[in-house]
Amino acid sequence: MNQKYLPLIATILIFIVSYAMCALQYPNMLSTRVIGNLLTDNAFLGIAAVGMTFVILSGGIDLSIGSVIAFTGIFLAVMLETTSIHPLLAFVLALLITTAFGAIMGAIIHYLEMPAFIVTLAGMFLARGMAFVLSIDSIPVRHEFYGTLKSFYYKLPGGGRITLIGGLMLLVFAVGIIIAQRTRFGTNVYALGGGPQTAALMGVPVARTTILIYALSGFLAGLSGIVYSLYTSAGYSLATVGVELDAIAAVVIGGTLLTGGAGFVGGTLIGVLIQGLIQTYITFDGSLSSWWTKILIGALLFAFILMQKGILFVSRRGRSYA
Amino acid sequence: MMQSNDEILSATAIVKRFPGAIALDHVNFSLRRGEVHALLGENGAGKSTLIKCMTGAYRRDEGSLRLDGVEIDPRDPLDAQSLGIGTVYQEVNLLGNLSVAENLFLGRQPRRFGLVNTREMNRQARALLANYGMDINVSRSLDSYSVAVQQVVAIARAVDLSGKVLILDEPTASLDAQEVEMLFRIVRGLKAKGLGVVFITHFLEQVYALSDRITVLRNGQFIGTRETASLPRKDLVTMMLGHELADAEKELRAHQPDSGNVRFEFNGYGKAGKIKPFDLSVRKGEVVGIAGLLGSGRTETAQLLFGVDKPDSGTATVAGKTVSLNSPRAAINEGFGFCPEDRKIEGIIGDLSIRENIALALQARRGWARPLSRSEQIALADRYIKALDIRTTDREKPIKLLSGGNQQKAILARWLATNPQFLILDEPTRGIDVGAHAEIIRLIEDLCAQGMSLLVISSELEELVAYSSRILVLRDREHVAELTGGAITTQNIVNAIAASGSEKAVQ
């Protein structure tokens, strides 16, 4: 069997086993309502994590997405409160800003040869600061179009709902998988993760690819911000602090190598769902502190990092000779 | 030079200057269609610089480069590749995390409806590799295959993209005999198809097995191009090392073999894949020279003795006591010192001052719990700057600002400060000017007069002959001969190096 699928398979197994264990204790966990909520509640994280997957696959990191989500939320709230533009236009504006923001960070990373960590850390402070400049208060969104959007859902048998934002997340994952696996851009992302010098020698357009990767991450962070705005019907500068770290955790638990070059967008979906599952279990239990989510995610992350090391070690030793 | 039609690539009077040095001095090189042309020379001879000028990694300063009779000036390796010059390096320059097929077709994957058609790409990849007699699963990641397979994939890619000239830069360095044979079969196949192949290697056996012609460079100079079949091995080695056999030998030797006790003894010492087991004994105050071509196992021997590599056979004895030299630290504790070959990478710490670089080894030996005080460091640095005549304006100057010779002396000072009893010098005079050269040699002689034992590795045969009381000759990772006393002549060294594997080297 192909070794590159091992981390993905391990993630899927962990998800199935833990879901089964939860369901044994609380049979209600199997209801479509829980499944629908799992998708809805984690939609913004999932969409942002798709962008993060591309960034990490290329060997980079994007610490700005939590701030960009908060910025988008407050931007939409302020725009809809103070102007009379249609929310759809506000969405387009927000996406343009966040995509450009990502593209600029990508350009700085490439042309100034700066570590992605530092550049996106600066981006994180900048976006958060911009959010505070727009407003320091939590601003509710009362536009009726939000109500209309929320009324779209697909009813599952058993009372569960695939909401618009839950469905959107699944769509983003589907498109993300196609981009990663079936386009030249996708292969170039993996190539960068395998080694930027070698990739450049082999003719990969490094500048264009790097800028596109961070622009994509910015775009998806903006989309995630729109989803978060729909989910909470408000904008708040202090929202989604640390979401970039949850996204990184989802990517790594999803089987993507933190050093880049190996992993799958689909794995990230499972990584997001595992985090959501732990959260759901804690809600069902009722007596556990929600911080147990963080503890379990920490333990899982550590286990995955160890597993990746192990797989690397085994594959280095067991090269097949043709 | 020949100007026949079958000439595919010709470089004439290529000059490449680096700050302070001429790397290529009017070098000529011509490649015919359907030939394997070996490019030989010791380290620093200018082989890789010439290759880089031909592949666009460097821009040449002077000279002309013609491909199929048309003057070319590649901007970068990608440009050269599209012109028809493909290169395969020792370190496979492909992406191990991508599949074999993706590596072959990166950037030109077949598409359908805008999406990569993976099935078609894999089919084409299989068809391409079938030309090389290879049937592997092309959807698996490249790093799940052996280096030999990766080399073949790299060659397949280079030929598919370029198709006129293939440059193989030490492709066989990490392959075993069977894999080398497979690679050779492939290269012969390409030759039959009319490609011109430039082959760089340190293994003379392979040169004779594969190449049609040989071009030798030395110190950036063009030495000559010969037909392989009519060039005896001994003449080739002479061309590479640059010693006319008629040279008068210096009889003057600073030190005759000391009849004193053997202080350092190694029996059956070796490591599989690095160097075959050897015996070595070094007396007090003795200079043992190590000669051999690059890649013959010289540096491997030094690294093994110093504990950089762990031996997998044999014993080491210091002053009659068996010791285990499993790490440089253990070796330092037994009184060993080692000045590595590439001081830029392994020796100096460029941004630290001369004082700190000199104090480093002594400090490491004392352990971090007992730091050398600043005044002790200053005293130490000043003493060696004076004793070794390190030319600097200030002991606090970052060492990277010194010239090569002075850097070399600072590294020597670092080890001398630990008061070693056995000092290993790997190419102590490489890349330094003539004046500093003589000083380092004088220093070597002084040290051994003081009772220190030295092991010196050098490509400069005259130099070795001048100060060694014994010379070990290495070939193909094996100690093949030991020369003592009157037998120490450059001619004998060249003979021992050139003796082919089957015949026994004679003293």
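At 33% relative accessibility, Asp68(B) comes out as partly exposed, a label for values between buried (under 20% relative accessible area) and exposed (over 50%), worked out with a 1.4 Å probe on protein chains only. The structure here is a predicted model, so local features need pLDDT of at least 70 and side-chain atom pairs count only at pLDDT 80 or more, while totals for chains, interfaces and linings use all residues. Residues are numbered from 1 along each chain as its sequence is written, chains are lettered from A and ligands numbered from 1 in the order in which they are written, and side-chain values use heavy atoms, with hydrogens and water left out.

Back to Asp68(B): this residue sits in the loop between β4 (62–67) and β5 (70–71) of chain B. Helices (H or I, at least four residues) and strands (E, at least two) are DSSP runs, numbered from the N terminus. Asp68(B) is not a glycine, yet has a positive phi of about 55°. Most residues other than glycine have a negative phi. Thr240(A) belongs to the loop between β4 (234–235) and α12 (243–253) of chain A, and is buried, with a relative accessible area of 8%.

Now for the interior. A nonpolar core is a set of buried Ala, Val, Leu, Ile, Met, Phe, Trp, Tyr and Cys residues joined through side-chain atoms within 4.5 Å. The largest one holds 143 residues, and the members touching the most others are Val100(B), Leu104(B), Leu129(B), Ile155(B) and Leu166(B). Helix α3 (residues 43–57) of chain A supplies the largest share of this core, 12 residues. There is also a second, separate core of 91 residues, with Ile214(B), Phe266(B), Tyr269(B) and Val288(B) among them.

Contact means heavy atoms within 4.5 Å. Beyond its neighbours within four places in sequence, Leu129(B) is in contact with Val100(B), Leu104(B), Met134(B), Ile136(B), Val138(B), Val153(B) and Ala156(B). Asn122(B) is found in helix α4 (residues 118–130) of chain B and counts as buried at 13% relative accessibility. Setting aside residues up to four places away in sequence, Asn122(B) touches Ala101(B), Val138(B) and Ser139(B). Over in chain A, helix α2 (residues 32–41) has Thr32(A), Val34(A), Gly36(A), Leu38(A), Leu39(A) and Thr40(A) buried. Their cover includes α1 (6–25), α3 and α8 (164–182) of chain A.

Where the chains meet, 30 residues of chain B and 26 residues of chain A take part in the contact. Together the two chains bury about 2400 Å², 56% of it on carbon and sulfur atoms; buried area is the accessible area (1.4 Å probe) that two parts lose on being put together, summed over both. On the chain B side, Leu95(B), Asn97(B) and Leu106(B) lose the most area to chain A, together 20% of what that side buries.

Finally, Phe113(B) lies in the loop between β7 (111–112) and β8 of chain B and is exposed, with a relative accessible area of 80%. Phe113(B) and Ile8(B) are 105 residues apart in sequence and 40 Å apart in space, C-alpha to C-alpha.
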